[in-house]
Amino acid sequence: MISVFDIFKIGIGPSSSHTVGPMRAAGRFVQSLRKHGHFVHTHRVETVLYGSLAWTGHGHATDIAVILGLAGEEPETVDPDAVSTIVGEATADSMLALGGRRAMSFDRDRDIIFDRKTPAKGHPNTLAFTAWDEDGSALLTEYYFSIGGGFVLAEGESAVASQAVEVPYPFRTGADLLQTGKQHGLTIGGIVMANEIVSQPEHAVRERMGRIRAVMDAAIDRGISQEGELPGGLRVKRRAKALHDRLLTDIGRNVRAPHEVMDWVSLYAIAVNEENAAGGRVVTAPTNGAAGIVPAVLRYYRDFCDYSEEGADEFLLTAAAIGMLFKMNASISGAEVGCQGEVGVAASMAAGGLAAALGGTIEQVENAAEIGMEHHLGMTCDPIGGLVQIPCIERNAFGANKAIAAASLALRGDGTHKVSLDQVITTMRVTGADMQSKYKETSQGGLAVNAVEC
């Protein structure tokens, strides 16, 4: 089974598939050089980016991620404030510390190639690494695929084999979750927790989830405090701080608009995704492009509902289970299925998680998750300038609001509904396959070509 901590990963922005994934792939290639005895003989490493990585890699900082990964940095531990120094020094000195240890030749224009002509092999997000010795002979070439949400596979590697852990309650579908829950008297969160503690003690799982929540909250709080323009050339101004200041001012009014709570939710989501766009620390949930939705709904649960840490854990465990279903049966990669696989999946996860935290039955939770995705079906991924800014940031705000509406609607019912979560997941996968590639994170269609770049 996929772990909760595969769905929720701490990393940096702006993209899980185009930043976190390539950083991990580069790090794995360095490990492979060591394994095959080529590390000490490597004079330079050439990286070729294909498919969506080639088309939008500049805007998603894929080249920067590759540099960081080759230099031995990891998404969870790299200091976002140190990134510009690491990359700047490598570029200026024409030298990169391979694995953080061994100096090798480095020329950014020569060694990182954005190949927009050669078709990607295996997945729209394909990277090829080749190590060369000082005499110009190739030592090792390996292909990697960034398959969404920070997940990375090497050529020939199976996602199923990499997750081969026996658990007490295996599941593949929403129907499996419903049947297991009824049979054993477990919530969806209870099923996931039972599976997690096969690999680590329950207190460790809860501590790690506490760390996930802390990073989510920190991203909101930092996003609220920052001002200025986001990087990348579109000159998009941060607005979370101004929104926050306005909401604080409005608190003093005697009469408050009924929708004001949802304005706070929008603020939370926008704050996170502005941090993501700026390359800050966020939690992949299940991707970086949709990283604001789960934190925003979780903060809504904390600030406006009957909150408990147990409820927050149930929220994350349930949301992770829903993310697993989409990962196993469809995709969470915008390059494969469009933004329905990112914002849509995150909204489905948040809807199910909130319904669970608020005490919903297992049927109501499944219904909430189904509603959350059903009304994101067909959503394209068409970022202007290849940047995770427009329409991505606002989409997180709307995704969070729709998730809350989905949970509320499901909790008003008895859990019965015509369309199942499994049917919606299948529909999302088929819709993604039918979607033209120009609408799948290549910035060759939609808003990316119909809005004027600044």
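Predicted model: local features only at pLDDT ≥ 70, side-chain atom pairs only at ≥ 80, totals over all residues.
Local features need pLDDT of at least 70 and side-chain atom pairs pLDDT 80 or more, while totals for chains, interfaces and linings use all residues. Residues are numbered from 1 along each chain as its sequence is written, and side-chain values use heavy atoms, with hydrogens and water left out.

**View 1. Here's the lining of the second largest pocket**. A pocket is an open set of points on a 1 Å grid over the protein atoms alone, where a 1.4 Å probe fits, with protein on both sides within 12 Å along at least five of seven lines; lining residues have an atom within 4 Å of a point. This one is lined by 29 residues, and Gly13, Pro231, Ala277, Ala278 and Gly279 lie nearest its centre. Helix H4 (62-70) is one of the contributors, and H4 gives the largest share, four residues. Helices here are DSSP runs (H or I, at least four residues) and strands are E runs of at least two, numbered from the N terminus.

**View 2. Phe129 meets Tyr144**. Rings of Phe, Tyr and Trp (its six-membered ring) pair if their centres lie within 6.5 Å; planes under 30 degrees apart are stacked, over 60 edge-to-face, and the rest tilted. These two have centres 5.8 Å apart and planes at 70 degrees, so they're edge-to-face. Phe129 sits in strand E6 (residues 125-132) and Tyr144 in strand E7 (residues 138-148), 15 residues apart. Together with Phe29, they form one aromatic cluster.

**View 3. Two lysines sit over the ring of Phe151**. That takes NZ of Lys or CZ of Arg within 6 Å of the ring centre and within 35 degrees of the ring normal. The charged end of Lys9 is 4.1 Å from the centre, and that of Lys327 is 4.6 Å from it.
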